Amino acid sequence: MEKIIILDTNFLIANTGKINEIIPKLEKNNYHVYVPKMVQEEYINIQLRKIKELYKRIENIKSSNDFLNLKYENEQKVLEWNEKGYNKSFKEYFGDNVIEYKKDNILENVLARNRYKEPPFYDEPNSSDKGFKDTIIWLSIKEFINKYENKETFFYYITSDNGFVKYKNSLEKEIENKYFEIVDIKDVNKLYSKFSIEVPENKKEIEENVFDSIISEVNLDEAREKINNLMWDFNNYVNVDYYGNENIGNRYEIKKIISYNETEIFLNHIQKVLKDNFFRKTINPEHIFPIDCQVYSNGCEINLDTLRDIDRLYQKISKTEYKDSFIHFVMQKINENKVDDVAFINTEDDDLPF
């Protein structure tokens with residue numbers, strides 16, 4: 001018996017930042033995970049619209065102050081970079097498990113269902129044409145399942161979209177000679193419960209990273225070495241020239257000293273940055289800091305794994321008496337990338353000089 005799980009857009013959006021953990025866990029329990037091509041396109045479009053909204057806000061801020069000098073990448077270039085990155089990530093996570101839709105006659109087929117308000121179009125008086133993309137998704141899923149050669153296969157479509165959930169019984173009847181279920185789930189833990197997948201008590205797999213294995217205490221010596229290495233990677237990059245010589249450069253520059261409060265905001269904001277950029281492997285430094293910090297990229301992005309490790313260490317240190325010392329150290333390291341020479345705060349008198 002084969003088991004196939006198909007993910008909808010709303011599930012991907014709700015679990016951004018977790019998909020790279022969810023798919024391996026499902027596959028480990030003998031579930032094959034698929035995504036419709038239209039879902040992939042819809043997810044990417046949603047993320048690109050967020051970027052466009054961000055640029056609108058930046059332009060509004062810029063236009064409200066004639067003396068404000070903002071430096072940022074061209075919007076179209078950033079959109080193209082992100083679209084390419086998202087498509088690459090879908091390929092990495094789903095491989096060939098993408099359910100395509102036939103572009104030939106697709107409009108004709110969708111309009112035919114819309115004419116009689118067949119689900120996932122809303123079959124209600126005076127209802128609009130809402131459900132156009134959902135219908136493309138449904139037609140691609142239906143064709144995929146009905147043509148699937150293995151007759152002893154169970155199919156599950158994970159969605160909380162009302163166009164599917166509301167007409168669950170009607171849509172399920174369209175699948176012939178195979179088990180098919182529309183599962184109204186958005187929360188990943190409910191998904192695991194539905195398919196009897198065991199999850200550790202801390203709700204994540206134990207990783208090899210030494211700091212994830214420390215629960216009650218923090219190894220301060222290892223923490224000191226770790227944050228020094230991480231902040232070096234965060235600040236700097238190495239280029240090798242034609243002759244094999246290594247040249248060290250700064251990934252970014254800042255125009256003003258970053259304060260303790262701004263550093264704390266930056267550290268607390270990392271988890272949201274990781275979730276919002278889940279499909280990316282690297283990120284422009286300007287997108288990590290608040291706009292007021294006046295951070296400008298030198299064209300070398302920061303690895304999101306580095307950012308993730310900084311966050312993991314910060315979450316553990318923040319529960320100890322060394323939180324302030326940690327924030328001061330991160331602040332000092334960031335300020336080393338200021339374009340002018342500045343006097344840095346001396347952390348030698350801290351209880352734990354990182």
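Predicted model: local features only at pLDDT ≥ 70, side-chain atom pairs only at ≥ 80, totals over all residues.
Strands E1 and E4 (residues 153-158) run parallel and pair over six bridges. Look along the pairing with E4. There, Ile6 stands opposite Tyr157.

E1 has another partner. Strand E2 (residues 31-36) also pairs with E1 in the parallel sense, here over four bridges. Find Ile5 in E1. Its bridge partner in E2 is Val33.

Is strand E1 (residues 2-7) enclosed or open? Buried here means under 20% relative accessible area. Six of the six residues of E1 are buried, so the strand is largely enclosed by the rest of the structure. Check each face in turn. On one side sit Glu2, Ile4 and Ile6, and these are buried.

Leave the strand and turn to a pocket. The second largest pocket holds about 1,000 Å³ of space. Its lining takes in 33 residues. Leu54, Ile58, Glu286, His287 and Ile288 lie nearest the centre. Which elements give two or more residues to this lining? They are helix H3 (37-63), helix H4 (75-94), helix H12 (260-276) and strand E10 (295-297). H3 gives the largest share, eight residues.

What kinds of residue form the lining of this pocket? The lining divides into 17 nonpolar, seven polar and nine charged residues.

How values were computed:
Residues numbered from 1 in each chain as written. Heavy atoms only, no water. 1 Å grid on protein atoms, 1.4 Å probe; cavity = no way out; pocket = protein on both sides within 12 Å on 5 of 7 lines; lining within 4 Å. Points joined across faces, edges and corners; volume = space filled by probe spheres on them. Nonpolar A, V, L, I, M, F, W, Y, C, P; charged D, E, K, R; others polar. Buried < 20%, exposed > 50% of the residue type's maximum accessible area, 1.4 Å probe, protein only. Pairing = 2+ DSSP bridges.
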